[in-house]
Amino acid sequence: MKKTLLCLTVSALALGTAAGAETMTVGLVAPLSGGGAAWGTAMKGALELAVEDINNAGGLKVGDTTYDIRIAAYDSHYNPNDAVTAVNRLVFEDEATFIVGPLGSAPLAALVPTTTENKKITITGGFTPIAMAEEHPYSFRAVLPTQIYANPQISYVVTELGAQKVGSLFPNDETGQTMSNDIASAYQNAGADASAVDYYERGRVDFVPLLTRLLAQGIDTFELDGSPPQTAGLLVRQLRELGFTGNIVRTGGDATDDILAVAGAEASEGLYVHMEYDGSLPSAQAYQTRYIDAYGGTMNAFSPLFYTTINMIFEGMKAAGTIDDTDAIIAEMGKLSDFDGPAGKANWMGQEIWGTMRQQYIPYAIGKVSGGKPEVIATCDLEKCE
Amino acid sequence: MDLLTLLVQSGVNGLVIGTMYALMAIGFTLVFGIMRVVNFAHGEFYMIGSFVAFITYAQWHLPFAMTLLITIAVVGIAGALIEWLLIRPLRADELTGMIATLGISVVLQNSALMYFGASPRPMPDVVSGLVRFGPVVFSWSRIFVIVAAALVIGAFWLFMQKSRTGRAMRAVAQDREAALIQGIDVERIFPFAFGMSVALAAVAGALMAPVFSVSPFVGITPMLKAFIVVILGGLGSIPGAVLGGLLLGMIESFGATLFGALVADMLQLALVIAILLVRPTGLMGRKEA
Amino acid sequence: MNTVDTHMTQPTAASASQRGFWTRIVLVTLACAVAYATPGLLPNLFYVHIANLTLVSGIFALSLWIIYCVGQLSLGHAAFAGLGAYASALLSLRLGVPPFVSLLIAGIGTATVAALLGAVILRLRGVYFVLVTFLFGQMFTLMVLNWQSLTNGANGLISIPPITILGLSFGPRPVFFYFAFVVFLLVLLFTWALSRSTFGRAFDSIEQNIDLAESCGIDTSKYQIIAFTIGSGIAGVGGAMIAHYIRYISPDTFTFHNSVAYITMLVVGGRSLFWGAVVGAAFLTPLPEFLRDFAGLQHIIYGAIMILVLRLLPGGLISLPATLRRIGGGK
């Protein structure tokens with residue numbers, strides 16, 4: 001039985017790889033369905049647009065060879081088992097040169113031994129410090145973790161709102177547990193009390209009992225933190241349904257469109273949100289228009305960030321004159337600075353925090369939702385927002 | 001917020017999820033009682049119900065009552081067809097039937113995913129605004145769920161008590177052989193019961209759609225909850241499903257409000273395991289033959 | 001089972017069983033030879049990875065079959081795999097126990113937990129047992145998630161060392177393949193021997209009719225506890241193997257969905273004989289990978305295949321030859 005199956009695979013494989021001569025594969029493993037799908041599809045869009053740019057320009061010219069780029073994209077379902085299988089397939093079967101993803105800390109922790117061993121660059125959105133650890137030199141991160149922006153952003157918001165008692169609900173997983181520490185200490189530093197905290201299991205939709213519990217503790221501000229986009233929308237909606245009139249703040253990955261879609265413009269009015277970059281930049285708006293023309297609907301702000309990192313890898317390949325020597329490529333990538341991307345200038349950071357320089361940094365901003373749209377009210381750097 | 005306010009608020013919250021769980025569990029337990037099939041696809045019919053409501057209410061702007069009727073008709077007929085086509089041939093064995101429903105669940109969920117995409121779709125409220133009784137606040141949309149669900153459960157109960165088909169279904173659930181001897185056409189009862197069971201789940205989905213928005217994955221949690229409710233109330237017992245649903249809703253609501261989410265979850269499971277061990281047939285179940 | 005014609009003349013009863021014995025030796029040797037060549041023959045390491053997962057799935061499915069054949073169906077089997085995985089990972093990470101030893105301890109530990117639990121919950125029959133094992137699985141996930149000081153919560157355990165025996169590391173995929181194959185073969189032979197022993201005969205009569213078995217003086221609950229203990233213990237070993245192979249585990253590694261997947265293997269493969277479990281695992285574990293090219297349709301086809309197998313082959317895939325013969329004969 002097993003043997004027949006294997007024979008079948010071998011023949012399927014022979015058919016599958018009979019493509020053009022100079023083709024290079026780039027892999028993607030991200031949640032394309034379920035809770036994190038808003039982020040995963042944004043990553044996939046970023047990769048497709050970046051590849052489209054290159055293929056339309058005649059391919060990626062590295063040394064004397066020009067490569068046509070092919071994408072192999074797999075759904076991680078936000079689950080470590082599926083992410084490991086997908087990454088094995090990308091590394092050994094598709095022979096991907098690098099991998100966009102994974103999102104989420106558990107999938108990253110599960111697959112990083114494989115990618116490190118096989119010298120594959122990954123671009124993650126997972127907030128775990130494992131992503132930046134010295135022993136995983138090929139793991140890059142496109143998105144700023146809460147840890148970096150919690151302090152400047154929260155101190156601005158607390159002053160602005162005069163927040164005193166802050167309530168928050170976190171997903172009960174690695175991401176949530178990491179964020180809750182960062183956010184609680186940032187509020188403490190800003191002089192607010194953020195002790196009204198609870199955790200929920202991913203996939204939960206009814207938060208009314210938990211919110212009732214927090215409201216009973218007399219909170220004046222609610223922190224949405226990094227809850228998945230749809231969940232954040234439900235939280236805003238259910239808070240308002242419980243008659244909460246205080247301020248709502250989002251110190252976490254971009255979810256504004258989903259929040260607006262689920263909770264409605266009225267409930268979201270006055271929401272303070274973290275913006276991954278200054279959305280008023282013309283280049284950012286152009287990217288967004290292009291994305292929406294291509295895919296319809298809305299665009300999650302992770303997309304231009306990943307687009308930028310992907311292009312930095314292509315740049316590194318060109319400079320190193322190789323697509324296989326990962327060490328040479330990352331050395332060249334490390335030399336890039338003030339790299340122009342749609343979201344602004346990108347640089348590497350992280351030396352003082354993790355002892356490595358593989359965190360992409362693009363200046364971010366704070367937005368305030370008014371009339372169903374986030375308006376930039378402050379732009380930020382690593383120190384402060386103003 | 002004083003304690004009394006908190007208790008009232010929690011009570012109403014519990015009632016909302018409780019009635020939803022009850023609606024889910026009634027159908028689940030009905031199919032088990034009559035057909036001896038554990039329907040793992042039950043949650044997917046909840047999901048389909050919420051999509052039918054989304055299309056008819058949010059896109060076609062039909063009145064919500066009409067939406068509910070269409071949901072019941074569409075999902076009921078689809079359920080009967082599925083029973084006739086896929087489950088009937090496999091019913092001889094409890095386990096095979098159960099696995100078949102699992103396959104159905106995978107197919108339905110992923111078809112929805114392909115057709116509608118993964119991102120959740122918000123749906124406008126049927127009734128909006130807040131009700132205030134002093135410090136206690138409810139949203140009309142949730143009160144609406146309680147009332148509508150109670151009406152559906154009431155109608156279902158009347159049907160089971162008064163109608164010929166309803167009585168026939170109860171007879172089959174009690175003793176299939178005896179029902180056969182009585183001249184009840186069991187083969188006709190099965191697709192009907194299955195269709196009705198999944199239509200109830202679909203109604204739950206349609207009612208909750210404006211509250212929790214709509215996506216291909218909305219059925220998973222209600223399915224697991226229905227599972228727990230049915231254990232709590234007793235497999236195959238319809239009053240048990242109603243009681244178990246309300247009880248679980250209350251435990252969740254009060255547990256989470258008073259002690260936090262994790263304690264509430266643990267408490268729930270510990271309680272249900274304890275009940276199973278002390279009284280395996282649940283609160284209102286009959287002893288199995 | 002397959003029999004190989006060995007050109008013996010007029011076998012007596014004794015020599016027949018002798019012949020059966022030699023047939024099995026030949027089969028096992030053949031399997032070993034095929035297995036020995038397998039990693040080298042597979043086109044790349046991805047296939048080896050899938051082969052490894054398939055072998056471990058086979059172990060899970062067989063262990064579930066042992067429980068199934070005393071008439072009980074566990075919907076919490078993944079929890080025991082998880083228990084073994086966490087036990088072995090923690091022993092090797094926190095206490096520095098060598099991974100192979102920790103694997104054995106994990107197996108024994110899981111079996112002990114199963115024995116204690118079984119003594120309480122095996123009073124329940126049929127669907128009630130299914131439900132209580134489901135709840136146990138949920139409880140396990142919640143516990144792992146929330147006992148953070150021990151399990152590191154949702155973060156999971158990272159950097160779990162690979163299995164090493166006498167300096168040979170079973171970390172690389174092709175090497176792990178041999179380890180997984182040996183364990184799989186041992187479990188397979190053990191299951192076969194079990195189904196042939198007095199135990200097996202008692203198991204059989206319990207599965208067919210528990211009340212009759214009881215009235216024949218068979219202590220059914222004793223046999224059920226034994227089967228539950230053995231099956232869960234083996235699942236614990238399988239879980240520990242995964243932990244040391246992937247080198248990372250989290251509460252998401254072994255969930256309700258895994259439990260369901262093992263049952264599906266059993267049913268799709270065929271429940272009547274132990275190797276149905278093996279066929280089911282070998283069929284279903286790589287199946288999603290074959291369907292990857294269908295992108296969105298992948299899972300739909302998977303579900304449809306599941307239903308089709310049940311619909312057309314109620315006895316599972318192992319009944320395929322007989323069904324084909326019947327159709328052929330009917331013509």
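Which residues of helix α12 (residues 326-335) of chain A are buried? The legends below take up this point and then turn to chains C and B of the predicted model.

**View 1. The buried residues of helix α12 of chain A.** Helix α12 covers residues 326-335 of chain A. Its buried residues are A:Thr326, A:Ile329, A:Ile330 and A:Met333. Seen down the axis of α12(A), these residues fall within an arc of 95°, so they line one face of the helix. An α-helix has 3.6 residues a turn, so residues three or four places apart point the same way. The cover over the buried residues of α12(A) includes strands β5 (121-124), β6 (139-141) and β13 (344-349) of chain A. Helix α11 (302-320) of chain A is also part of this cover.

View 2. C:Ser88 sits in helix α3, which runs over residues 77-94 of chain C. Its relative accessibility is 0%, so C:Ser88 counts as buried. Residues up to four places away in sequence are left out of its contact list.

**View 3. The fold of chain C.** Chain C holds 15 helices and two strands. Its radius of gyration is 21 Å, close to the 20 Å that the globule rule gives for 331 residues, so chain C is as compact as a globular protein of that length. The C-alpha trace of chain C spans about 65 × 55 × 45 Å along its principal axes. Of the 331 residues in chain C, 55% are buried. Among contacts in chain C with a separation of 6 or more, 76% join residues 24 or more positions apart.

**View 4. The surface and charges of chain C.** The accessible surface of chain C is about 13,900 Å². Carbon and sulfur atoms account for 69% of that area. Chain C carries 16 positive and 9 negative side chains. The centres of these two sets lie 4 Å apart.

**View 5. The fold and surface of chain B.** Chain B has eleven helices and two strands. From the N terminus, its elements run α-α-α-α-β-β-α-α-α-α-α-α-α. The radius of gyration of chain B is 19 Å, close to the 19 Å that the globule rule gives for 289 residues, so chain B is as compact as a globular protein of that length. Its C-alpha trace spans about 60 × 50 × 35 Å along the principal axes. Buried residues make up 61% of the 289 in chain B. Chain B exposes about 11,100 Å², with 70% supplied by carbon and sulfur atoms. The mean positions of its 16 positive and 13 negative charges are 7 Å apart.

Notes. Residues are numbered from 1 along each chain as its sequence is written. Chains are lettered from A and ligands numbered from 1 in the order in which they are written. This is a predicted model: local features need pLDDT of at least 70, side-chain atom pairs count only at pLDDT 80 or more; totals for chains, interfaces and linings use all residues. Side-chain values use heavy atoms; hydrogens and water are left out. Helices (H or I, at least four residues) and strands (E, at least two) are DSSP runs, numbered from the N terminus. The radius of gyration is taken over C-alpha atoms; the globule rule is 2.2 Å times the number of residues to the power 0.38. Buried means under 20% relative accessible area, exposed over 50%, partly exposed in between (1.4 Å probe, protein chains only). Contact means heavy atoms within 4.5 Å. Accessible areas come from the Shrake-Rupley method with a 1.4 Å probe; for residues, only the protein chains shown count as cover. Lys and Arg count as positive and Asp and Glu as negative; His and the chain ends are not counted. The place of a charge is taken as NZ of Lys, CZ of Arg, CG of Asp or CD of Glu. The arc is that of the directions from the helix axis to the C-beta atoms.
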